Amino acid sequence: MQNTSENQIKTWGNKQEELIASLQLQPLIVVLRPTKEDFLVELTDSFLSKKLEYLNNVGIKHVEIAWTDIDDWVSLIKKLKQKFPNISLGAASITNDIAFKDFQESGLCYAMTPIWNKALQKKARISEQILIPGVLTPSEIQNAISFGWKIIKIFPASTLGLNYIKQIKTPIKSLPFVIAAGGIKSQDIDQWLNAG
C-alpha cells in the first residue's frame, strides 16, 4: 500500500475539522437503517425517504444511513443525497472492504465504523475519506489519536455510560471530539450533551 503524503494527511485533517465544526453547531446524528422494502419501491414511496423528509423539515443536519449488503445501496444513497442536499449524509456500519468501497462510490461526506480496524483506517486516510473509528478501550482511543484522529466514536456508549467518558478524560488528557453512539435513547440525549 502506498504511503500517505503530507498533503493527503493535511486534507484529511481539514475534513475532520469541518465535520467537527458542523457537529458543534448541531451535536446530533440520527442513524437510519434501510429495510429491503426501501430498495423495492420508488424513492418517494420509501419509508426511509419519508423519515429523511421529516428530519429535514425539523432541521436535522446530520444523518447516517447504515450500509447494507444490497447491490442497490450506492444507487439509493446517491438518490437520497440529491433529494436532501441540506442534510450532511454519512454511512454507518462500515466494517469491511466491500462496505468501504460502497461508501467511497456513494460520495458521502463521512462514515463511521463500530470498530478499530487499522487496515480500513489506512485506506480511508490515503483516499482522504472520513471513516470515524468506533473505539471502546483506552488503548483503542490512543491508537486512534496516534493515527491522527481528531474525532472518535465511543461505542457502545449506552452500555459504557456517561461516567466512562468522565473517567477516561483524566488519563487521556487531550481526548479528541467524542461522538457517543450505540443505544442512546431520545430521553437521554440532554444528559449526554450536557456532559460535553
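A pocket, as the word is used here, is an open set of grid points with protein on both sides within 12 Å along at least five of seven lines, and its lining residues have an atom within 4 Å of a point. In this predicted model, the largest pocket is lined by 35 residues. Nearest its centre lie Ile29, Ile179, Ala180, Ala181 and Ile184, and the volume of this pocket comes to about 970 Å³. As for secondary structure, the elements that each give two or more residues to the lining are strand 1 (30-32), helix 9 (162-169), strand 8 (177-180) and helix 10 (189-194).

His62 comes next. This histidine sits in strand 2, which covers residues 62-66. With a relative accessibility of 0%, His62 counts as buried, because the cut-off for that label is under 20%. The His62 side chain has backbone oxygens to talk to: that of Gln26 is reached at 3.3 Å, and that of Leu28 at 3.5 Å. Gln26 and Leu28 also turn up among the contacts of His62 once neighbours within four places in sequence are set aside. The rest of that list reads Ser22, Leu23, Ile29, Val30, Ser88 and Tyr110. Ile29, then, touches His62 and is also one of the residues nearest the centre of the largest pocket.

Asp38 is a buried residue too, and a charged one without a partner. Found in helix 2 (residues 36-40), Asp38 has no salt bridge, and the nearest side chain of opposite charge, that of Lys51, is 6.6 Å away. That is no salt bridge because the pair would have to come within 4 Å to count as one. What the Asp38 side chain does have is a polar atom 2.8 Å from the backbone nitrogen of Thr35. Apart from neighbours within four places in sequence, Asp38 is in contact with Ser46, Phe47, Leu48 and Leu76.

At the start, Asn117 brings a side-chain oxygen to within 3.1 Å of the backbone nitrogen of Ala119. Just after the helix, Glu128 takes a positive phi of about 60°.

Note on methods
Residues are numbered from 1 along each chain as its sequence is written. This is a predicted model: local features need pLDDT of at least 70, side-chain atom pairs count only at pLDDT 80 or more; totals for chains, interfaces and linings use all residues. Side-chain values use heavy atoms; hydrogens and water are left out. Helices (H or I, at least four residues) and strands (E, at least two) are DSSP runs, numbered from the N terminus. Buried means under 20% relative accessible area, exposed over 50%, partly exposed in between (1.4 Å probe, protein chains only). Lys and Arg count as positive and Asp and Glu as negative; His and the chain ends are not counted. A polar contact is a pair of N or O atoms within 3.5 Å; within protein, one must be able to donate a hydrogen and the other to accept it, and residues adjacent in sequence count only if both atoms are side-chain atoms. Contact means heavy atoms within 4.5 Å. On a 1 Å grid over the protein atoms alone, a cavity is a set of points where a 1.4 Å probe fits but cannot get out, and a pocket is an open set with protein on both sides within 12 Å along at least five of seven lines; lining residues have an atom within 4 Å of a point. Grid points are joined across faces, edges and corners, and a volume is the space filled by probe spheres set on the points.
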